[in-house]
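Hello,

Here is the structure I promised to pass on. Please open it and keep it beside you while you read my notes.

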Amino acid sequence: MSTQTTGMVLDLKGLLCPMPVIKLAKAIKDIPVGEIIEAFATDPGVMADIPAWCRTTGNELVTLEKNDKQFRFVVRRVK
Amino acid sequence: MTTTKIDIALNLLNQQLNQPLTAALEVCARCGICAEACHYYVAEPKVEHIPAARAESLRKVYRSEHDLLSRLFPSWTGAERLTEEKLAEWADIAFNKCTLCYRCTINCPMGLDTPLLMTSLRAIATATGNAPEVLEMLADAAIEKGKDPEIYLGFYKESIKDMEVELQELTGNPDASIPLQKQGAKKLYVALAGAHTILPVAAIFETVGEDWTLSIFEAANYGIFLGDASRAKAIARRIVDEAKSLGVEEIVISECGHAYYVMRWVAPNWFGDEFTFRVRSIVEVLAEYVQDGKLKLDPSANSEPITYHDSCNLGRKGGILAEPRVVLQAVTNDFRELTPNREEAYCCGGGAGLVALPEAYDLRMMAGKPKADQVKRSGAQVVVAACENCRLQLGDLSGYYGLGIGVTALTDLVVKAMRLPGNQKTVEHIMTLETANSGEHDNAEVWGSTDLVSLPSTKGDRSEPKSNV
């Protein structure tokens, strides 16, 4: 469990890719640089899409994990 | 000397000026027949929604650059110089006011390729930093995945293992599997991200004993929506290289309109010599199975009145018109056509990337009205679309216009009609996923034209993507 300050929690469960990435990209603009977004999704596509999105945008992927059929990821806004 | 956006745009326009584009710019007779062909105009009869009127904005600049009379006396011909305001207008026209559906072209007496003009405007908008950020972001993320699949491959394999458990429950076969990176398989199936386009197809392949393997890449190609050949090629290249390295006989594309169109009709123009395999849509494969009697299907399993929406990329642009109907006749006893259909089908209003743009929601609900009216008139309770983009849009249209329809994929109906041991539970799971985005205002999809050019970068350090994974 993250001990950092979470700027926002996103519920992306039930959304199909690339919706989780689009929602994340929109949401991250609403938090200050340095803060994090914690998100929960059910589409396995996030396991590929989120790391790639972080690389292309320069944001930091803090955590990406799978719990049963749910995926949790934490992204820090870097710029 | 500083290069301005105007310079970039005009240079790019000149680079793109091949014979088809020049013809499209010069041949229009202004007859106006294209007006009634366009779903935007049918939904909202305004001059700005006439394809010829939209294209006129580009033609005015073309004349000012390439016609001597227009250069000397611009007011005589209505020629106009390009400005930054006009660049912004072009981006709006190309990305928001046209879904590149080609209905105007097939209804034009001259066969004028207005979507090619719109694709050219998309390319210019992308090169000058006016393209929708979401589409650029999705294209770049796809390219990144191609550069280094290791960043997700471990997770992906884990997901596939979980899906295999569901597949085994569905088929009742404890040995059912989803092969990944299988050398020498006959078919390379390229799905969309997520389980909903993998599991039903895996069940069908398992049942017929197909020799197949699943691609590690997703089929979507957001580069094509941008009119950006370098990005579109980089995304397609991943799949071409995978097919070559595995030695497959054919690539089978998931139920995704633009993904099929790119790989079947565009990519061969880029990598023609390397196509040692053929490309088909899963819809064509399903029709073949039905015609060859490889699938036992119970049409009573799908008892609701069902209609079919022809995706523009599969149907009008791709030529896949009979195949979905072969499948539908086998999986339901109550199939009813929309009117018009096939080549003359209306676009759903969400094509060419529009469904991915949150800001375009009101616009695509307006542009989708002819489709919503068609569906309502059909009396169908379920609309089938062999395109993810269309399904997302149809789900939104159902919510907006109160259609009360279910929206599903062809493969889901086939799986239901197969009456597999674990059918009920898994099909419900698939259908839930399928409609999960209905009512959302920001979904996603893609496509484009065969005449794309490489774009100069205007955004910092965007380097040419690596071709090979």
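**Strands first**

Strand 1 of chain B (residues 187–190) is covered on both faces. B:Lys187 and B:Tyr189 are buried on one side, and B:Leu188 and B:Val190 are buried on the other. Keep in mind that this is a predicted model.

Strand 1 of chain B has a partner, strand 2 (residues 212–214) of chain B. The two run parallel and are joined by three bridges. Look for B:Lys187 and you will find B:Trp212 of strand 2 of chain B opposite.

Chain B also holds an open sheet of four strands. Their order is 6-5-7-8, and the pairing is parallel. Which are the edge strands? They are strand 6 (335–336) and strand 8 (406–408) of chain B, each pairing on one side only. Further in, strand 5 (residues 306–309) and strand 7 (residues 382–385) of chain B run parallel, with four bridges between them. B:Tyr308 has B:Val384 in strand 7 of chain B as its bridge partner.

**Chain B as a whole**

Chain B has 469 residues, and 56% of them count as buried. Its secondary structure comes to 23 helices and eight strands. Take the contacts in chain B with a separation of 6 or more: 81% of them are between residues 24 or more positions apart.

**A bent helix**

Now find helix 16 of chain B, residues 257–271. Its 15 residues reach 20 Å from first C-alpha to last, close to the expected 21 Å. Helix 16 of chain B has a bend of about 35° at B:Met263. B:Met263 is also one of the buried residues of this helix, along with others including B:Tyr260, B:Tyr261 and B:Arg264. What covers the buried residues of helix 16 of chain B? The cover includes helix 14 (222–225), helix 15 (229–246), strand 3 (250–253), strand 4 (278–281) and helix 21 (388–401) of chain B.

**Where the chains meet**

The contact takes 22 residues from chain A and 26 residues from chain B. On the chain A side, helix 1 (19–27) and helix 2 (46–57) of chain A each supply at least two residues. Helix 2 of chain A gives the largest share, eight residues. By type, the chain A side divides into 14 nonpolar, three polar and five charged residues.

A:Lys66 sits in strand 3 (residues 60–67) of chain A. Setting aside residues up to four places away in sequence, A:Lys66 touches A:Phe71 and B:Glu158. A:Lys66 and A:Met47 are 19 residues apart in sequence, yet 8.7 Å apart in space, C-alpha to C-alpha. Why is A:Lys66 partly exposed? A:Lys66 has 16 other C-beta atoms within 10 Å, and a residue needs 20 or more to be buried and 12 or fewer to be exposed.

**Loops worth a look**

B:Leu321 is in the loop between strand 5 and helix 18 (322–331) of chain B. B:Leu321 counts as partly exposed, with 15 C-beta neighbours inside 10 Å. Beyond its neighbours within four places in sequence, B:Leu321 is in contact with B:Asp310, B:Gly315, B:Arg342 and B:Glu343.

Next come some backbone details. Most residues other than glycine have a negative phi, and most peptide bonds are trans.

- B:Thr339 and B:Pro340 are joined by a cis peptide bond, with omega about -5°. B:Pro340 is in the loop between strand 6 and helix 19 (361–367) of chain B.
- B:Gln181 is not a glycine, but has a positive phi of about 55°. B:Gln181 lies between helix 12 (150–171) and strand 1 of chain B, in the loop.
- B:Arg419 has a positive phi too, near 45°. Its loop runs between helix 22 (410–418) and helix 23 (423–434) of chain B. B:Arg419 is partly exposed, with 13 other C-beta atoms within 10 Å.

Best wishes

Terms used: Residues numbered from 1 in each chain as written. Chains lettered and ligands numbered in written order. Predicted model: local features only at pLDDT ≥ 70, side-chain atom pairs only at ≥ 80, totals over all residues. Contact = placed C-beta atoms within 7 Å. Expected span 1.5 Å × (residues − 1). Bend = angle between axes of the 7 residues up to and from the residue. Nonpolar A, V, L, I, M, F, W, Y, C, P; charged D, E, K, R; others polar. Pairing = 2+ DSSP bridges.
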